[in-house]
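Visitor: I have a structure to look through with you. Can you take my questions as they come?
Guide: Go ahead.

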Amino acid sequence: MTTKLSYIYTILSLFLFIQCKQERVKESTQSQNTSTIKYAKGFDIIEENGNKYLLIKKVFQNEISSFKYLLSEKNDLKNNKIKVPVNRLVVTSTTHVPMIELLDAEDRIIGFPNTKYISSEKTRKRIEDGLITELGSEQSMNTEILIDLVPDLIVGFSLHPNNKLYNNIKKLGFPVVFNGEWLEETPLGRAEWIKFFGVLLGKEKEAKIVFETIEKDYLAVKKIAQSVDKSPKIISGSFFKDVWYAPAGESFIAKFFNDANLDYLWKETSGTGSLQLSFESVLDKAQEADYWIGCGINETKTQLLSTNKNYDKFSPVQLNQTYTIAAIKGATGGIKYFEFAPIRPDLVLKDLIKITNPELLPDYELSFYRLIE
């Protein structure tokens with residue numbers, strides 16, 4: 001009996017030991033894979049077995065394609081290895097520029113397509129000094145110039161994965177990583193893509209600090225807006241070829257309106273893209289609205305009414321409460337909202353609150369929006 005009990009005890013002890021060991025391995029694996037990404041859905045940064053990986057989850061519209069890159073000491077395209085930190089960088093969207101500037105790494109940018117659209121004064125100075133090379137249009141970059149630049153990495157932007165230009169660039173031996181911040185469906189999700197640049201540029205700590213500062217500011221001002229009962233009625237969008245395009249109720253822009261405690265008059269609609277509406281349905285809403293925020297690329301009231309004379313029937317136009325993003329431009333005509341808003345959602349939110357509940361932010365001045373006059 002004693003021998004039998006001893007045997008059972010030994011088996012039980014062995015079982016418990018193995019179970020504990022498995023739990024420790026499981027905990028270790030979990031700790032290795034813990035993500036530091038809070039809001040963004042399109043990318044992640046993880047560590048596995050002492051290696052750091054950049055995961056790209058969603059960068060193409062209506063297409064789910066994922067990529068996993070090992071961040072290492074050398075480039076190896078066949079094995080999806082990217083050398084970091086990246087020192088010679090080509091970027092392809094104006095939204096990339098301020099993220100890199102906030103990391104004090106604008107000197108890493110050596111090439112850009114359509115440089116005229118860049119508004120940032122710091123990067124415009126580098127363009128004028130010949131330190132950033134013009135590469136032509138984004139979808140037909142001059143590959144001969146690109147070869148001469150010898151970039152460490154090209155950060156691309158594309159609507160779909162079968163992009164001939166980028167496939168040719170890869171064949172030339174240059175690594176390409178696609179950036180998908182424009183597909184994020186929350187304001188803080190887009191801003192968090194600064195961590196994408198942080199890990200590529202060896203600036204992870206700096207990216208974390210910048211993002212957390214923006215996040216804190218955004219959540220603080222959101223709390224202020226949500227603390228009052230006043231929810232002004234607003235419309236957004238504009239006509240194009242007799243169709244009114246407006247943010248759908250679950251869209252990125254609609255989330256801004258909700259966080260600003262605004263009564264967006266299409267908030268009950270579904271979808272994350274744009275609504276396509278008739279004039280009659282829009283006119284009904286426009287006569288209820290207190291504000292029209294985001295009226296296309298019109299800069300003046302005269303210009304606005306010249307595009308559609310029926311706008312004078314809109315209540316916000318009659319009340320002189322129509323706001324545009326098109327009035328604030330860089331030296332060469334680029335609209336600053338398109339460039340800076342993704343990384344500064346806190347300022348966009350403050351703009352919306354300042355317009356509709358100005359008493360909540362008495363000392364703040366608008367960053368991106370301007371009243372149409």
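Guide: One term to begin: a residue is buried when its relative accessible area is under 20%. Also, this is a predicted model.

Visitor: Good. How many aromatic pairs does the structure hold?

Guide: It holds 27 aromatic pairs. One of them joins Tyr218 and Phe256. That pair is tilted, with 6.2 Å centre to centre and 55 degrees between the planes.

Visitor: Are Tyr218 and Phe256 buried or exposed?
Guide: Both Tyr218 and Phe256 are buried.

Visitor: And what parts does the pair of Tyr218 and Phe256 tie together?
Guide: Tyr218 is in helix H8, residues 204-226, and Phe256 is in helix H9, residues 252-259. The pair therefore ties together parts that are 38 residues apart in sequence.

Visitor: Next pair. Why is Trp292 with Tyr311 edge-to-face?
Guide: Because the planes of the two rings are at 65 degrees, with the centres of Trp292 and Tyr311 4.8 Å apart. The cut-off for edge-to-face is over 60 degrees.

Visitor: Where do Trp292 and Tyr311 lie?
Guide: Trp292 lies in strand S15, residues 291-293. Tyr311 is in the loop between helix H11 (301-307) and helix H12 (315-318). So this pair ties together parts that are 19 residues apart in sequence. Trp292 is buried at 0% relative accessible area, and Tyr311 is buried at 1%.

Visitor: Which residues do ring pairs link into a cluster?
Guide: Trp292 and Tyr311 belong to that cluster.

Visitor: Now the nonpolar core. Which residues touch the most other members of the largest one?
Guide: Leu54, Phe196, Trp244 and Phe314 do, in a core of 105 residues. H8 gives the most to this core, with 7 residues.

Visitor: What is Phe314 in contact with, neighbours within four places in sequence aside?
Guide: Phe314 is in contact with Ile235, Phe239, Trp244, Phe279, Val282, Leu283, Ala286 and Trp292.

Visitor: Charges next. Which ring does the charged end of Arg190 sit over?
Guide: The ring of Phe252, 3.6 Å from its centre. Lys68 also lies over a ring face, that of Tyr53, at 4.5 Å from the ring centre.

Visitor: On to pockets. How much space lies in the largest pocket?
Guide: About 1300 Å³. It is lined by 40 residues. Arg190 and Phe252 come back here: with Ile253, Ser274 and Phe338, they lie nearest the pocket centre.

Visitor: Which elements give two or more residues to the lining of the largest pocket?
Guide: Strand S12 (243-247), H9 and helix H13 (336-340). The largest share of the lining, 4 residues, comes from H9.

Visitor: Which residues of H9 are buried?
Guide: Phe252, Ala254, Phe256, Phe257 and Asp259. H9 is followed by Asn261, whose phi is positive, near 65 degrees.

Visitor: Where else is phi positive in a residue other than glycine?
Guide: At Asp242, where phi is near 70 degrees. Asp242 is found in the loop between strand S11 (238-240) and S12. Its relative accessible area is 71%, so Asp242 is exposed. Asn114 has a positive phi too, about 55 degrees. Asn114 lies in the loop between strand S6 (109-112) and helix H3 (121-128). At 25% relative accessibility, Asn114 is partly exposed.

Visitor: Which residues does a cis peptide bond join?
Guide: Val84 and Pro85, with omega about 0 degrees. Pro85 is in the loop between strand S4 (81-83) and strand S5 (89-91).

Visitor: Back to space. What volume does the largest cavity have?
Guide: About 30 Å³. Lys301, Leu304, Val317, Asn320, Gln321, Thr322 and Ile372 line that cavity.

Visitor: Last one: Thr123. Where does Thr123 lie?
Guide: In helix H3. Thr123 is buried, at 1% relative accessibility. Setting aside neighbours within four places in sequence, Thr123 is in contact with Val97, Glu101, Glu106, Ile118 and Ile132.

Visitor: How far apart are Thr123 and Ile109?
Guide: They are 14 residues apart in sequence and 8.9 Å apart in space, C-alpha to C-alpha.

Terms used: Residues numbered from 1 in each chain as written. Predicted model: local features only at pLDDT ≥ 70, side-chain atom pairs only at ≥ 80, totals over all residues. Heavy atoms only, no water. Phe/Tyr/Trp six-rings, centres within 6.5 Å; stacked < 30°, edge-to-face > 60°. Buried < 20%, exposed > 50% of the residue type's maximum accessible area, 1.4 Å probe, protein only. Lys NZ or Arg CZ within 6 Å of the ring centre and 35° of its normal. Core = buried A, V, L, I, M, F, W, Y, C linked by side-chain atoms within 4.5 Å. Contact = heavy atoms within 4.5 Å. 1 Å grid on protein atoms, 1.4 Å probe; cavity = no way out; pocket = protein on both sides within 12 Å on 5 of 7 lines; lining within 4 Å. Points joined across faces, edges and corners; volume = space filled by probe spheres on them.
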